[in-house]
Amino acid sequence: MALSIHVNGGTEQKQFQEPVENPEFDYSQRGQWLRAAVLGANDGLVSVSSLLMGIGSVKQDVKAMVLAGFAGLVAGACSMAIGEFVSVYTQRDVEMAQMKRDGEKRSPVVDENDRRMEKKERLPSPGLAAGASALAFSVGAVLPLLAAAFIRDHKVRMAVVVVVASVALMVFGVVGALLGGAPVAKSGGRVLVGGWIAMGITFGLTKLIGLNGM
């Protein structure tokens with residue numbers, strides 16, 4: 001009778017402790033996904049903003065800028081999705097192989113299969129990672145594209161693209177810093193300056209090539 005009470009008490013304690021671990025793991029996973037989403041959106045923002053500045057340096061037609069920006073959005077989203085899918089799938093294969101080797105080295109125990117299944121569930125999904133990466137890139141890329149699409153005056157359009165991109169870069173930099181635990185001002189400034197450099201280089205080199213008649 002005493003033994004039965006002891007076993008039940010251990011079972012109740014185990015059931016009480018198990019739910020405590022899951023929220024911590026889920027929180028960590030959510031933080032990683034959010035940080036990856038911010039970085040993907042930042043890539044889309046910088047890529048398409050720089051592309052619009054480059055096209056705008058040689059062509060004043062709004063249609064040419066929007067088409068180039070849209071092509072950059074689609075190409076970038078597809079590239080991010082494929083790259084993320086291959087990367088995560090490779091990581092998943094490596095971790096699965098490692099788990100198999102670890103299982104072969106250990107002595108047989110009752111709950112070995114349960115532990116392996118739990119580890120498999122914690123591995124990232126390649127399809128989900130690819131979709132999230134493409135979506136994040138598209139969200140960042142669409143901001144400067146919408147800013148340029150509805151302004152006819154060329155100079156105003158270029159200025160609006162820079163302003164919208166700068167504000168969005170600061171927001172992404174601050175959010176990324178908060179998620180990563182980095183200094184907010186330094187991180188936001190670094191992201192902003194990096195975006196300006198990318199837009200400036202693209203604008204200057206494209207204009208130089210365009211003036212030379214290539």
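Residues are numbered from 1 along each chain as its sequence is written, and side-chain values use heavy atoms, with hydrogens and water left out. Because the model is predicted, local features need pLDDT of at least 70 and side-chain atom pairs count only at pLDDT 80 or more, while totals for chains, interfaces and linings use all residues.

Helices are DSSP runs of H or I with at least four residues, numbered from the N terminus. Helix α1 covers residues 2-58 and contains Ser49. Ser49 has a relative accessibility of 1% and therefore counts as buried (under 20% relative accessible area; exposed is over 50% and partly exposed in between, with a 1.4 Å probe and protein chains only). Contact means heavy atoms within 4.5 Å. Apart from neighbours within four places in sequence, Ser49 is in contact with Pro144, Val161, Ala165 and Met199. Leu34 also belongs to α1 and is partly exposed, at 46%. Leu34 and Leu179 are 145 residues apart in sequence, yet their C-alpha atoms are 7.6 Å apart in space.

Helix α4 runs over residues 126-149, and its 24 residues should span 34 Å, which agrees with the 34 Å between its end C-alpha atoms. The expected span is 1.5 Å times one less than the number of residues. Within α4, a kink of about 30° lies at Val142, shortly before Pro144; the bend at a residue is the angle between axes fitted to the seven residues ending there and the seven starting there.

Helix α5, residues 154-180, has 27 residues and reaches 38 Å between its first and last C-alpha atoms, close to the expected 39 Å. Its buried residues include Val161 and Ala165, both of which are in contact with Ser49. At the N-terminal end, Asp153 caps α5 through a side-chain oxygen 3.3 Å from the backbone nitrogen of Lys155. Just after α5, Gly181 takes a positive phi of about 75°.

Rings of Phe, Tyr and Trp (its six-membered ring) pair if their centres lie within 6.5 Å; planes under 30 degrees apart count as stacked, over 60 as edge-to-face and the rest as tilted. The count comes to one aromatic pair. The ring centres of Phe85 and Tyr89 are 5.4 Å apart and the planes are at 55°, so the pair is tilted. Phe85 and Tyr89 are four residues apart in helix α2 (residues 62-105), which means a separation of about one helical turn. Phe85 is partly exposed at 36%, as is Tyr89 at 40%.

How values were computed
Helix = DSSP H or I, 4+ residues; strand = E, 2+ residues; numbered from the N terminus. Polar contact = N/O pair within 3.5 Å; in protein donor to acceptor, adjacent residues only side chain to side chain.
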